[in-house]
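Here is a quick tour for anyone opening this model for the first time. Take a look at the sequence and the fold, then read on.

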Amino acid sequence: QVQLAESGGGLVQAGGSLRLSCAASGTIFSINNMGWYRQAPGKQRELVATITSVGNTNYADSVKGRFTISRDSAKNTVYLQMSSLKPEDTAVYYCKAIIVRWVDSPQFQYWGQGTLVTVSE
């Protein structure tokens, strides 16, 4: 079994900051890409940011310059530092990880359960 546990969501005023964390646990040989996605009410899930195993990052245009993704490979954890938050950032944020569970086994993607971020005016 592999589990992704997110934390750090909550209510914040516009202009404020939050830091999300997502820790992977279970039988894990290696983790390739990790990322954050979000889904606002009535909208489709969208990519926020991704990070490769060697630290290359990619961001949605809407969060560039405000959000920073990072990872601690020793802890199997990915972070999302969110600053200058806007009401339109309100959504459930999900982490995703591409995980290889054993040597020479294929990789699979796993999702966390989501954490709610609410940005008030």
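## A charge over two rings

The charged end of R45 sits over the ring of Y94, 3.7 Å from the ring's centre. R45 also lies over the face of W111, this time at 4.7 Å from the ring centre. A charge counts as sitting over a ring if NZ of Lys or CZ of Arg is within 6 Å of the ring centre and within 35 degrees of the ring normal.

Before going further, some ground rules. This is a predicted model, in which local features need pLDDT of at least 70 and side-chain atom pairs count only at pLDDT 80 or more, while totals for chains, interfaces and linings use all residues. Residues are numbered from 1 along each chain as its sequence is written, and side-chain values use heavy atoms, with hydrogens and water left out.

## The aromatic pair

W111 turns up again here: with Y37 it forms an aromatic pair that is edge-to-face, 5.1 Å centre to centre and with 65° between the planes. The structure holds 1 such pair. For the record, rings of Phe, Tyr and Trp (its six-membered ring) pair if their centres lie within 6.5 Å, and planes under 30 degrees apart count as stacked, over 60 as edge-to-face and the rest as tilted.

Y37 lies in strand β4 and W111 in strand β10 (residues 107–111), so the pair ties together parts that are 74 residues apart in sequence. Strands, like helices, are DSSP runs numbered from the N terminus (E, at least two residues, for strands; H or I, at least four, for helices). Are the two partners buried or exposed? Y37 is buried, with a relative accessible area of 14%, whereas W111 is partly exposed at 32%. Buried means under 20% relative accessible area, exposed over 50%, and partly exposed in between (1.4 Å probe, protein chains only).

## A disulfide and a nonpolar core

A disulfide joins C22 to C95, with the sulfurs 1.9 Å apart. C22 is in strand β3 and C95 in strand β9, so to speak distant parts of the chain, 73 residues apart. Both cysteines, C22 and C95, are buried. The count for the structure is 1 disulfide, taking a disulfide as a pair of cysteine sulfur atoms within 2.5 Å.

Next comes the core. The largest nonpolar core has 31 residues, and those with the most contacts inside it are W36, L80, M82 and Y93. Several strands supply at least two residues each, among them β1, β4 (30–39), β5 (46–51) and β11 (115–120). The largest share, 5 residues, comes from β9. A nonpolar core here is a set of buried Ala, Val, Leu, Ile, Met, Phe, Trp, Tyr and Cys residues joined through side-chain atoms within 4.5 Å. In soluble globular proteins, nonpolar side chains tend to be buried together.

## The sheet and its edge

An open sheet of 4 strands runs in the order β1-β3-β8-β7, with antiparallel pairing. Its edge strands are β1 (2–7) and β7 (67–72), each of which pairs on one side only. Two strands pair if DSSP finds at least two bridges between them.

β7 pairs with β8 (residues 77–82) in the antiparallel sense over 6 bridges. I69 stands opposite L80 in β8, and the bridge partner of R71 is V78. The hairpin of these two strands has 4 residues between them, and there N76 takes a positive phi near 55°.

G65 lies in the loop between β6 (57–59) and β7, and at 84% relative accessibility it counts as exposed. G65 and M82 are 17 residues apart in sequence and 9.7 Å apart in space, C-alpha to C-alpha. Over in strand β4 sits N32, which is partly exposed at 23% relative accessibility. The C-alpha atoms of N32 and I99 are separated by 6.1 Å, although these residues are 67 apart along the chain.

Which loop holds S84? S84 is in the loop between β8 and β9, and has a positive phi of about 50° although it is not a glycine. S84 is partly exposed, at 43% relative accessibility. D104, in the loop between β9 and β10, is not a glycine either, yet has a positive phi of about 65°. D104 is exposed, with a relative accessible area of 78%.
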